[in-house]
Amino acid sequence: MTIAIPGELVPPFEGAATGNTTIKSTDLLGKYVVLYFYPKDNTPGCTLEGQAFRDHISDFDKLNTVILGVSRDSVKMHEGFKYKQAFPFELISDPDETLCSVFDVIKMKSMYGKQVRGIERSTFLLDKEGRLVREWRKVKVKGHVEEVLDAITQLKA
């Protein structure tokens, strides 16, 4: 399994997503892409993060940027989450952790005193050629979307 490396082209990927779609990296060329990985649908932090991307969608649209959320939840679970939160972007289901492995986001985490394997909240910015140009790991939700918008604005400058 090839891992995405900052400054290099991201290995080709595809995944089943909401809206009865399959997201392919080759279909995203020509746009900036924000891939945000989150632990679980319908949990407080993940809901707030998705809402922040939703609430800034017009800013991302103006910057020719596609937003995609990724977790291990099923497409069916994603559909309910997307509908409930009125997300204007697709959510990719990665139950076998293929995309998670490419971006190296599966980590051992402590939850209620126990060690569990899970997604470390992380965001990745790809340029129009599919190159990984920025990564944020161990993301704190508050103010994060604004940081991502600033990074895209700086790239375009």
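Residues are numbered from 1 along each chain as its sequence is written, and side-chain values use heavy atoms, with hydrogens and water left out. Since the model is predicted, local features need pLDDT of at least 70 and side-chain atom pairs count only at pLDDT 80 or more, whereas totals for chains, interfaces and linings use all residues. Helices (H or I, at least four residues) and strands (E, at least two) are DSSP runs, numbered from the N terminus.

Helix H1 covers residues 44-55. The expected span of a helix is 1.5 Å times one less than its number of residues. For the 12 residues of H1 this gives 16 Å, and the end C-alpha atoms are 16 Å apart, in agreement with that expectation. The buried residues of the helix (buried means under 20% relative accessible area, exposed over 50%, and partly exposed in between, with a 1.4 Å probe and protein chains only) are Cys46, Thr47, Glu49, Gly50, Ala52 and Phe53. These buried residues pack against strands E3 (32-37), E4 (65-71) and E8 (122-126), and against helices H2 (57-62), H3 (75-85) and H5 (144-156); contact here means heavy atoms within 4.5 Å.

A search of the whole structure for disulfides (a pair of cysteine sulfur atoms within 2.5 Å) finds 0. Cys46 is in no disulfide, and the nearest cysteine sulfur, that of Cys100, is 12 Å away. Cys100 is likewise in no disulfide, its nearest cysteine sulfur being that of Cys46. Cys46 counts as buried because its relative accessibility is 1%, and Cys100 counts as buried because its relative accessibility is 1%.

Within helix H3 lies His78, which counts as buried because its relative accessibility is 0%. Leaving aside neighbours within four places in sequence, His78 is in contact with Thr18, Tyr38, Asp41, Ser71, Asp73, Leu91, Ile92 and Ser93. The loop between H3 and strand E5 (90-93) holds Pro88. Pro88 is partly exposed, with a relative accessible area of 47%. Residues up to four places away in sequence not being counted, Pro88 touches Arg54 and Ile57. Pro88 and Gly50 are 38 residues apart along the chain, and their C-alpha atoms are separated by 9.9 Å.

Strand E7 (residues 114-119) includes Ile119, which is buried with a relative accessible area of 1%. Beyond its neighbours within four places in sequence, Ile119 is in contact with residues including Phe37, Val70, Cys100, Val105 and Lys109. Ile119 and Asn20 are 99 residues apart in sequence and 24 Å apart in space, C-alpha to C-alpha. Met108 has its place in strand E6 (residues 106-111). Apart from neighbours within four places in sequence, Met108 is in contact with Gln115, Val116 and Arg117. The C-alpha atoms of Met108 and Glu120 are separated by 8.6 Å, the two residues being 12 apart along the chain.

Pockets were located on a 1 Å grid over the protein atoms alone, a pocket being an open set of points where a 1.4 Å probe fits, with protein on both sides within 12 Å along at least five of seven lines; lining residues have an atom within 4 Å of a point. The largest pocket holds about 180 Å³ of space, the volume being that filled by probe spheres set on the points, which are joined across faces, edges and corners. Its lining comprises 16 residues, of which Val10, Ser25, Leu29, Glu129 and Gly130 lie nearest the centre. The lining residues divide into 9 nonpolar, 3 polar and 4 charged, where Ala, Val, Leu, Ile, Met, Phe, Trp, Tyr, Cys and Pro count as nonpolar, Asp, Glu, Lys and Arg as charged, and the others, Gly among them, as polar.
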